[in-house]
Amino acid sequence: MKGRVLLVEDEVNIFEAISFILSRDGWEVHGHGNGATALAEIARQAPDVLVLDVMLPGRSGLDILRDLRRDAATADLPVLMLTAKGQTKDRDLALALGANAYLTKPFSNAEMVATLRDVAGAS
Amino acid sequence: MARSTPPSRRHALTGSRIRERRLALGMKQGDLAERVGVSASYLNLIEHNKRRIGGKLLLDLARAMEVEPARLSDGMDASLSDMVHAAAGAGLPALGPPAELDRIEEFAGRFPGWIGIIAAQQKRIADLEAAVEGLRDRLAHDPVLAGAMHEMLSTVAAIRSTSDILVREPDLEAVWRGRFHRNLHEEAERLSDNATALLRHFERQGARTDLVSTPQERVEAAFDAAGHHFPAIEAGGVASVAEVIEGMEGLDAGAARLARDRLTRYAEDAARLPLGPFLAAAAAVDFNPEALIGMGGGDVALVLRRLASLPEGGAEGVPGFGLAICDAAGALIFRRRIPAFSVPRYGAGCALWPLYGALARPMVPDLAVLEQPDGARFRAWAVAAPVGATGFGAQPVMQAVMLLRAVPEDEALAQGPRPVGPGCEMCPREECAARRG
């Protein structure tokens, strides 16, 4: 197993697809679909890497990222942000707030796998 | 920006217009001179603007050439003149030689019909440019469009990932294959619904000629149609609000509620500053808000709103005012449009407008001359103040008000104007420190 991934994504079918391909790549994948309770779930699960969507119900992924970086316990947690194509401001803000990488929807599965490996430092 | 022909130049061109009219009629100089009882040489001096003319001789010449005297003395209508000057100065590459600006009066005298067509086309171009600007603004900020695009991108992302798995995993277990097929079907349905909804949205917009859709826009359109002045409320106060709303076209329930709020505020303002005395006082000080603050009991926002509700033109020569009101979050909640000063339909305006600066300094009036990227200048008065009831321990609801008035092109300014824009999405000032993204 390469590590534990927490995928914070409210779109069920996107979650299932990503979860499947990451599992096939050797990751243990867990999911969460609510922005308002995401920080508590991250603390509870203590993943090795986080995949975080920007647009979430309850709370923006960017706000969650900001809090993660302020907390010493999660300041160095590898985070891969998912943004929508064309939302350049979201992407720039995510990097400014400390995201390790981003992918713009719609992305390919190969891109997802390669980027996650890169972010987590896994091979 | 529009220019008017100076009066002195109009007078100097009277002779030219007489000459052009005579030539257009095919009359000989000597024949015309004889008909009005002057010598041909004297008429020649008049026609070459070397003798001033007026009174009876002008009337006789006009009668002899079957033209209104004003056409000879004043030239073309000032608004037509402005339109034709604007057309000549629009910056379009000429297909032939440049326009002969110094001969516009001559052109107007000889071809009044063509002048009318040029002016009408110029107005049409200006209207279309405003419509294009509105559409561009909508595409950049339309919340419906933004939401639909996000939905479609999420759907496409799910379809792409799922179909990729189905194609690249030939030995996929049956339970997974079934699940992904079901997911694909769900996302395809969702994509279809989203695309249909988006098309319906555009069809609704396309069917409209006024580009109006939100309740706020409908209320503003109704206010625009009334010239932002409501005589019934001026006379009858709050009791007349319902009657005015009934007479407004295109209001649904939401827009009617908003209109009631706006008109109730209007009635309250009118009660505090009744039209007759306020109009007279404003005219006496050239509609300068600074000189009217005392009349408003120190309520600057009231004075600014009231000036924007005066009937434009009229015997008092009320100038065209623009008005923008925003809440404490900077959201624009009301606009009275003024030509050449674009206020976005959605999203924020320019952070450099005094409207926003006022929010940082409540109750402190601000005045600035603003310069738009195209060079158009506006004097802007702004203030932020609480609205509604306040009390100890209560959070005040703040609003900022900005009144706009065009600054004449030839007015000398004590200090340079403040460069501003219409809002970052449409502003060409790339190097602006206040630019968002």
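Predicted model: local features only at pLDDT ≥ 70, side-chain atom pairs only at ≥ 80, totals over all residues.
In chain B, buried residues make up 29% of the 437 residues, where a residue is called buried if 20 or more other C-beta atoms lie within 10 Å of its own, exposed if 12 or fewer, and partly exposed in between, with the C-beta atoms placed from the backbone. Residues are numbered from 1 along each chain as its sequence is written, and chains are lettered from A and ligands numbered from 1 in the order in which they are written.

Let me stay with chain B. Its secondary structure comes to 18 helices and six strands; helices here are DSSP runs of H or I with at least four residues, strands are runs of E with at least two, and both are numbered from the N terminus. Of the contacts in chain B with a separation of 6 or more, 65% are between residues 24 or more positions apart, a contact being two residues whose C-beta atoms, placed from the backbone, lie within 7 Å.

Now please look at helix α4 of chain B, residues 40-47, where B:Leu43, B:Ile46 and B:Glu47 are buried. Seen down the axis of α4(B), these buried residues fall within an arc of 95°, so they line one face of the helix; the arc is that of the directions from the helix axis to the C-beta atoms. As a reminder, an α-helix has 3.6 residues a turn, so residues three or four places apart point the same way. What covers the buried residues of α4(B) includes α2 (14-25) and α3 (29-36) of chain B, and after the helix comes B:Asn49, with a positive phi near 60°.

Next, the sheet. In chain B, six strands form an open sheet of mixed pairing, in the order β2-β1-β5-β4-β3-β6, and two strands are said to pair if DSSP finds at least two bridges between them. At the edges are β2 (332-336) and β6 (418-419) of chain B, each of which pairs on one side only. Strand β3 (residues 366-371) of chain B runs antiparallel to strand β4 (residues 377-387) of chain B, with six bridges joining them, and B:Asp366 stands opposite B:Ala382 in β4(B). These two strands, β3(B) and β4(B), form a hairpin with five residues between them, and B:Gly375 in the turn has a positive phi of about 95°. On to β5 (residues 397-406) of chain B: this strand is antiparallel to β4(B) and joined to β4(B) by 10 bridges, with B:Ala384 opposite B:Ala400 in β5(B).

Which residues have the most contacts inside the largest nonpolar core? They are B:Leu304, B:Leu307, B:Ala382, B:Val401, B:Met402 and B:Leu403, in a core of 57 residues; such a core is a set of buried Ala, Val, Leu, Ile, Met, Phe, Trp, Tyr and Cys residues joined through C-beta atoms within 7 Å. Helix α15 (residues 253-272) of chain B gives the largest share of this core, seven residues. Leaving out residues up to four places away in sequence, B:Leu307 touches B:Ala282, B:Phe287, B:Pro289, B:Phe321 and B:Leu403. A second, separate core has 42 residues, including A:Leu7, A:Ala17, A:Ile18 and A:Leu77.

That brings me to chain A, in which 42% of the 123 residues count as buried. From the N terminus on, its elements run β-α-β-α-β-α-β-α-β-α, which comes to five helices and five strands. Why does A:Val119 count as buried? Because A:Val119 has 20 C-beta neighbours inside 10 Å. Apart from residues up to four places away in sequence, A:Val119 touches A:Val49, A:Pro78, A:Leu80, A:Asn100 and A:Ala101; the C-alpha atoms of A:Val119 and A:Leu80 are separated by 6.9 Å, although these residues are 39 residues apart along the chain.

Finally, the contact between the chains takes 17 residues from chain A and 17 residues from chain B. On the side of chain A that touches chain B, helix α1 (residues 12-24) of chain A gives the most, with seven residues.
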